[in-house]
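This briefing is meant for someone meeting the structure for the first time. Please look over the sequence and the model before reading the notes that follow.

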Amino acid sequence: MGSKKFAVLLCAEDSDYVKKLYGGYFGVFVQMLGEEGETWDMFKVSKGEFPEDNEIGEYDGFVITGSSNDAHGNDLWICKLVVLLKKLDAMKKKVLGICFGHQILGRALGGKTGRATSGWDIGVTQVHLQSSKIFASLKMPTFLSVIECHQDEVWELPPKVEVIARSNKTGIEMFKYGDHIMGIQGHPEYTKDILLNLIDRLLNRNLIKEPLAEEAKSKLEANEPDREAWKKLCTSFLKGKL
């Protein structure tokens, strides 16, 4: 049996900060999910770089990253990504979607996404895990804290999809479909310093206002994300260890 092979579908531009400290978002994800003996590749899908149809079968799983783009948008690369995700679903490939990745997976499965009705969620959010076999098998607690940074959300999902986590801010924090697809609205891969840098960049680009930035920073200072628990959950799902 050969070594496991995974691909990160990169949907964002690497910031200079993340590039310098972590080797880009690809490095952040491999640091969280990668294990010895595995092969990890990257496709810059937001730049139009996609795996060929004859390559897809080589991979055991795929991770879709966050993005500054809207999952409900119709940019060419976003439409191509939806087509790819439908193929991966048909092939029952393991797919983990994070933030934008969670939303675009919801869209590909027939759900609806758009601007969050309660506005931006930035900081550390406590997520309420629903009763699901995925959590029971890992002995997860009822609540987990995760770093969040989003102004879009999944509005609704078809009945075939199981909503497995909610928060006071967002109705669909996590979902799973079958044993091969899982979406997480939060950023389990983020460290506090990555989010602090992102808050400053959003503020400098006038995408958020000063009061929201200060509130987000204070939330971040006062709370700790459960990074190890999220790592265990994500790696167990992606690698079929549940």
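Predicted model: local features only at pLDDT ≥ 70, side-chain atom pairs only at ≥ 80, totals over all residues.

Ser-167 counts as buried, because its relative accessibility is 13%, which falls under the 20% cut-off for that class.

**Around Ser-167**

- Ser-167 is found in the loop that runs between strand 9, residues 162-166, and strand 10.
- When neighbours within four places in sequence are left aside, the residues in contact with Ser-167 are Thr-125, Gln-126, Val-127 and Glu-173.

**The nonpolar cores**

- The largest nonpolar core comprises 31 residues, and Ile-64, Leu-81, Leu-85 and Ile-104 are those with the most contacts inside it.
- At least two residues of this core come from each of strand 1 (5-9), strand 3 (61-64), helix 4 (76-90), helix 5 (100-108) and strand 10 (174-177), while helix 4 gives the most, with seven residues.
- Ile-104, again leaving aside neighbours within four places in sequence, is in contact with Ile-64, Ala-71, Ile-78, Leu-81, Val-82 and Leu-85.
- Another core, of 29 residues, lies apart from the largest one, and Met-32, Leu-33, Val-146 and Leu-233 are among its members.
- As general background, nonpolar side chains in soluble globular proteins tend to be buried together.

**Helix 4**

- Helix 4 has 15 residues and reaches 22 Å from its first C-alpha to its last, which is close to the 21 Å expected at 1.5 Å a residue.
- The buried residues of helix 4 are Trp-77, Ile-78, Leu-81, Val-82, Leu-84, Leu-85, Leu-88 and Asp-89.
- Viewed down the axis of helix 4, these buried residues fall within an arc of 165 degrees, so they line one face of the helix.
- In general, an α-helix has 3.6 residues a turn, so residues three or four places apart point the same way.
- Leu-76 and Ala-90, on the other side of helix 4, are exposed.

**Helix 2 and helix 9**

- Helix 2, residues 24-33, and helix 9, residues 227-238, pack at an angle of about 85 degrees, and their axes are 9 Å apart.
- Angles of 65 to 115 degrees count as roughly perpendicular, and helix 2 and helix 9 are therefore described in that way.
- Where these two helices meet, Gln-31, Met-32 and Leu-33 belong to helix 2, whereas Lys-231, Cys-234, Thr-235 and Leu-238 belong to helix 9.

Technical notes. Residues numbered from 1 in each chain as written. Heavy atoms only, no water. Core = buried A, V, L, I, M, F, W, Y, C linked by side-chain atoms within 4.5 Å. Buried < 20%, exposed > 50% of the residue type's maximum accessible area, 1.4 Å probe, protein only. Helix = DSSP H or I, 4+ residues; strand = E, 2+ residues; numbered from the N terminus. Contact = heavy atoms within 4.5 Å. Expected span 1.5 Å × (residues − 1). Arc of directions from axis to C-beta. Axes fitted to C-alpha atoms, helices over the stretch in contact; angles between N-to-C directions. Parallel < 35°, antiparallel > 145°, perpendicular 65-115°, else oblique.
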